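Visitor: Could you take a close look at the packing of rings and helices in this model? I would value the geometric criteria alongside each description.

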2 protein chains.
Amino acid sequence: MEANRPDTSTRILDVAERLFVEHGFEATSLRMITQQAGVNLAAVNYHFGSKDALFESVFTRRLGPLLAGCIAELDAEEAGGRALSIEALVMTFIRPALALSKDPNKGGAMFVRLLSRTLVENHRLLRETLSQQYSEFVQRYSRAFERALPALGGEELAWRMHFAFSLMFNAFAGNDVLKIFVRSQVVSARDPDMIVKHLVPFVVAGLNTPSSS
Amino acid sequence: MEANRPDTSTRILDVAERLFVEHGFEATSLRMITQQAGVNLAAVNYHFGSKDALFESVFTRRLGPLLAGCIAELDAEEAGGRALSIEALVMTFIRPALALSKDPNKGGAMFVRLLSRTLVENHRLLRETLSQQYSEFVQRYSRAFERALPALGGEELAWRMHFAFSLMFNAFAGNDVLKIFVRSQVVSARDPDMIVKHLVPFVVAGLNTPSSS
DNA sequence: GTCTATAGCGAGATAGAC
DNA sequence: GTCTATCTCGCTATAGAC
């Protein structure tokens, strides 16, 4: 097979995904991307139209499948109509994110980190063009959490979902900087399995704690 | 008193603090800052030397006092030599951060959000020039967590500190975007007291959960 | 200290040959 | 589809008058 060298669009997407994570959208120039991808500068505008459109393409390539994977997990767990445990519910999000993070080309891990960073930055392109992509995801998880934690009021439940997703996204972001608050020699924040082993008990305990009101 | 209009340096710092949060460092131009501050474009380079140096000055104005406040809280709680509860330990960090977030000029809240965002972005200027500022903070909290959670091994403890600080920083960051995962009408992520009311039980439960190994 | 004017650079985007 | 060459713009930074 001669597929060892992906086509130009794919090479641009792969490199852009990585550089947007490393330097941020604004600090990443098309010249950096095309140089590292080994393609011509004009190729970005030919294939994607603009730098903004390239950013959106990086997202649309992976976000849809990731969210669909989570919803498929929810469907499977809820099949019998029984109530989910919190841990089972958390795992329906963790498993697809973890699978993506283990993508052999490392692109998936880059994307999960990019998604987390872009959420924290509240980036205009995510707000403006991608919001309808996750509306079903939001609705499904809101209802699932309501059923799994019926003792909590709506406000308290909303806060806990906010904390849980914040934590999960940031854990998969794999930032080294927050490691300065811990002993850096023992924690490898980039190992997805270790993240899950320690993250899930923490999140489940936080979600399950009795109501504070 | 004629102090109603702060001097040029302060006005630049206040506006820069807010714009760096809203748009990020790279996407914020000196023209935006000086225009909104009502000062001349050249004033930034006269008073601070460069855009990079301005960013550092925004941090040095508030980071030292914030960390010193946390350490002072630790000193007070540890005064009797007794072991701290997890909740007491968490509150030694929450209280100074909360006080800063309630700064009447809103600058403190902006700074806490900027700190969180800059940590997540792993920004070069935070890595390169500010790391010695928080070394005492890191050492003190590492020892305090060891004493408060003696049943945990070093690795597991490190992970939990990582999660706890991630969550606390991101909560004070007050991002609206993660709210898309919850019902936005009930959650006001910018109200510091509400953050604490719901955040502290969640973090404490996560930290206190039995060892997973 | 504050201002105008501008140098010098790198960015995104595009025209047009091949 | 790919390339070179170039346009236009906004940026940081600075020189020098006041």
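Guide: Over all chains of this predicted model, the count comes to 28 aromatic pairs, where rings of Phe, Tyr and Trp (its six-membered ring) pair if their centres lie within 6.5 Å, and planes under 30 degrees apart count as stacked, over 60 as edge-to-face and the rest as tilted. A:Phe137 and A:Tyr141 form one such pair, a tilted one, with 4.7 Å centre to centre and 45° between the planes. Both residues belong to helix 8 (residues 135–148) of chain A, where they stand four residues apart, about one turn of the helix; helices (H or I, at least four residues) and strands (E, at least two) are DSSP runs, numbered from the N terminus. A:Phe137 and A:Tyr141 are both buried, a class given to residues under 20% relative accessible area, with exposed meaning over 50% and partly exposed the range in between (1.4 Å probe, protein chains only). B:Phe25 and B:Phe55, in turn, form an edge-to-face pair, at 4.9 Å centre to centre with 65° between the planes. B:Phe25 lies in the loop between helix 1 (8–23) and helix 2 (30–37) of chain B, and B:Phe55 lies in helix 4 (residues 51–77) of chain B, so this pair ties together parts that are 30 residues apart in sequence. B:Phe25 and B:Phe55 are likewise both buried. In chain A, the rings of A:Phe93, A:Phe137, A:Tyr141, A:Phe145, A:Phe165 and A:Phe169 form one aromatic cluster.

As to conventions, residues are numbered from 1 along each chain as its sequence is written, and chains are lettered from A and ligands numbered from 1 in the order in which they are written. Local features need pLDDT of at least 70, side-chain atom pairs count only at pLDDT 80 or more, and totals for chains, interfaces and linings use all residues, while side-chain values use heavy atoms, with hydrogens and water left out.

A:Phe169 of that cluster also takes part in a helix contact, namely that of helix 6 with helix 9 of chain A. The axes of helix 6 (residues 107–121) and helix 9 (residues 154–173) of chain A come within 8 Å and cross at roughly 130°; axes are lines fitted to C-alpha atoms, for helices over the stretch in contact, and angles run from 0 to 180 degrees between N-to-C directions. Helix 6 and helix 9 of chain A are therefore oblique to each other, since angles under 35 degrees count as roughly parallel, over 145 as roughly antiparallel, 65 to 115 as roughly perpendicular and the rest as oblique. Helix 6 of chain A passes helix 9 of chain A in a left-handed crossing, the term for a near helix turned anticlockwise from the far one by less than a right angle, as against clockwise for right-handed. On the side of helix 6 of chain A, the contact (heavy atoms within 4.5 Å) is made by A:Val112, A:Arg113, A:Leu115, A:Ser116, A:Leu119 and A:Val120; helix 9 of chain A supplies A:Phe169, A:Asn170, A:Phe172 and A:Ala173. These residues divide into seven nonpolar, two polar and one charged, where Ala, Val, Leu, Ile, Met, Phe, Trp, Tyr, Cys and Pro count as nonpolar, Asp, Glu, Lys and Arg as charged, and the others, Gly among them, as polar.

Helix 6 of chain A also packs with helix 5 (residues 86–101) of chain A, at an angle of about 125° and with the axes 6 Å apart. That makes helix 5 of chain A oblique to helix 6 of chain A. In the loop between helix 6 and helix 7 (124–129) of chain A lies A:Asn122, whose phi is near 55°, a positive value in a residue other than glycine. A:Asn122 is partly exposed, with a relative accessible area of 21%.

In chain B, the axes of helix 5 and helix 6 come within 6 Å and cross at roughly 125°, and helix 5 and helix 6 of chain B are therefore oblique to each other. The loop between helix 5 (86–101) and helix 6 (107–121) of chain B holds B:Lys106, which has a positive phi of about 70° although it is not a glycine. B:Lys106 counts as exposed at 58% relative accessibility. B:Arg62 in helix 4 of chain B is buried, with a relative accessible area of 14%. Leaving aside its neighbours within four places in sequence, B:Arg62 is in contact with residues including B:Leu100, B:Gly108 and B:Phe111.
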